[in-house]
Amino acid sequence: MTPALPRRRLLGYGIGSVGTGVFSAVPGLLLLYYLTDVLGVSAAVAGAVLVVPKAWDVLLNPIVGAASDREAVRTGRRTRLLLAGAVTLPFLFAAMFAVPAGSPAIAAIWAGVAFLLAASAFACFQVPYVALPAEISADPSERGRAMAWRVVFLTLGILVAGGAAPALTAAAGGGRGGYALMGGVIGLAMGAAMVASTLANRWIPSRPGPRPLGLAAALRTARGNRPFFMLLGAYVSSTLAVAIMLAGAPYVATYRLDDYGLTSAMFVCMVAPSAFAVPLWRALSRKYGLVNCYAVALVLFAAAALALYPAITSAAGVLAFSGLIGVCYAAVQLLPLSLLPETVHADTGRTGHAQSGAFTGLWTAAETGALALGPGVFALILAVSSFNSSDFDTPVVQPGSALTGMSAGFTFVPALLLLLSVPLLLAYRRLAALHRRTEEAHEHAV
């Protein structure tokens, strides 16, 4: 019988998600608004600034995943890449929000280059970090415990990012100085969590296979895992929905609720309930199944997003529905990440390689792309609806078309994406069941 993981090891793994949660949330929540309403960059250009660096990251993540597997074969650990990302990311994150004075064009270039480098550093940490749950224990229930701890800390990181980052910015007077202070403080907290987790996880033995695979060979091997790609599709669609809502939150707070300060309140109301909902969803998934609970959460999330539209000019209504969304958000984070290690393990019999790095490289590449595309989609909605950019000192009045666009982009578009996740998830269940029956028939034949 596999011994239970002690809490200190679960803590050591989970705390890294404070850092990943911060980096996943803050650029999506604040960088687009920083560009359009503080630096005066047009919505279309600002959208490109957010999407292009992450498009590069989508290409980089599978490379990092294959490199992580090669390191694991040589050393039995994934520590070096984890440490490289943890040490460099805080400085690059701070640089994103420390744009020097100049024209909007210079501001866009500076922010874009800093974001590209920060995303690259994040990949070096995130990809091997997500690979660790498949190797942390041979017991599926213990891997599930590790994932639950991770999601709780991820929620904490997102809560710190979404609650503290706008508050820090506002407390420092807003504008360039406020964002620069926020970038330095939040970057320091993020780096501390990631370094601590890296050092705490050196005990985890990594066994990706009998020999290291090159990138092309790893991708060819992973290609046959059809359940993985259906699960990934469902996760990406829901992640894109969340990313669009994150990008839209400061605009809704500023232009629909007339108070930028409500950005923090909206975020806290959404994320805080999710921390308490994680044990609930874990208990429900053990009773009713991971896939069933995931599908229910997606539908409830979509319904709450749709209900936000008529309530979008009421602070009380927006905050109340944000709390309901937070309960669903916990499931949308926990359940697919709980299915991922089992999907990787199930593939080992087919390939002979438990190549966690290769699969998590693909997973984080797609997740990164969705998180980047979200602000890009919202920026496109703003541009099409005639949104007027401005700098911090000269605010403008938005036309009715822009107000309608940001409201629909914050509610209808995410709801549609969440509902699109459901058929992909059901396809995953069908293919996974077929895979299990094939494996059982093979074992009986042998």
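A cavity here is a set of points, on a 1 Å grid over the protein atoms alone, where a 1.4 Å probe fits but cannot get out. This is a predicted model, where local features need pLDDT of at least 70, side-chain atom pairs count only at pLDDT 80 or more, and totals for chains, interfaces and linings use all residues. Residues are numbered from 1 along each chain as its sequence is written, and side-chain values use heavy atoms, with hydrogens and water left out.

**Exercise 1.** Work out how many cavities of 30 Å³ or more the whole structure holds, and describe the lining of the largest cavity.

*Solution.* 
- Start with the count: the search turns up six.
- Next, the volume (the space filled by probe spheres set on the points, joined across faces, edges and corners): the largest cavity has about 200 Å³.
- Then the lining (residues with an atom within 4 Å of a point): there are 19 residues, with Ser24, Ile158, Tyr329, Gln333 and Leu371 nearest the centre.
- Finally, H9 is the top contributor to this lining, giving four residues.

**Exercise 2.** Now take the second largest cavity and find which helix gives the most to its lining.

*Solution.* 
- Its volume is about 120 Å³.
- Among the residues lining the second largest cavity are Met245, Thr263, Ser322 and Phe410.
- H10 gives the most, with four residues.

Conventions:
1 Å grid on protein atoms, 1.4 Å probe; cavity = no way out; pocket = protein on both sides within 12 Å on 5 of 7 lines; lining within 4 Å. Helix = DSSP H or I, 4+ residues; strand = E, 2+ residues; numbered from the N terminus.
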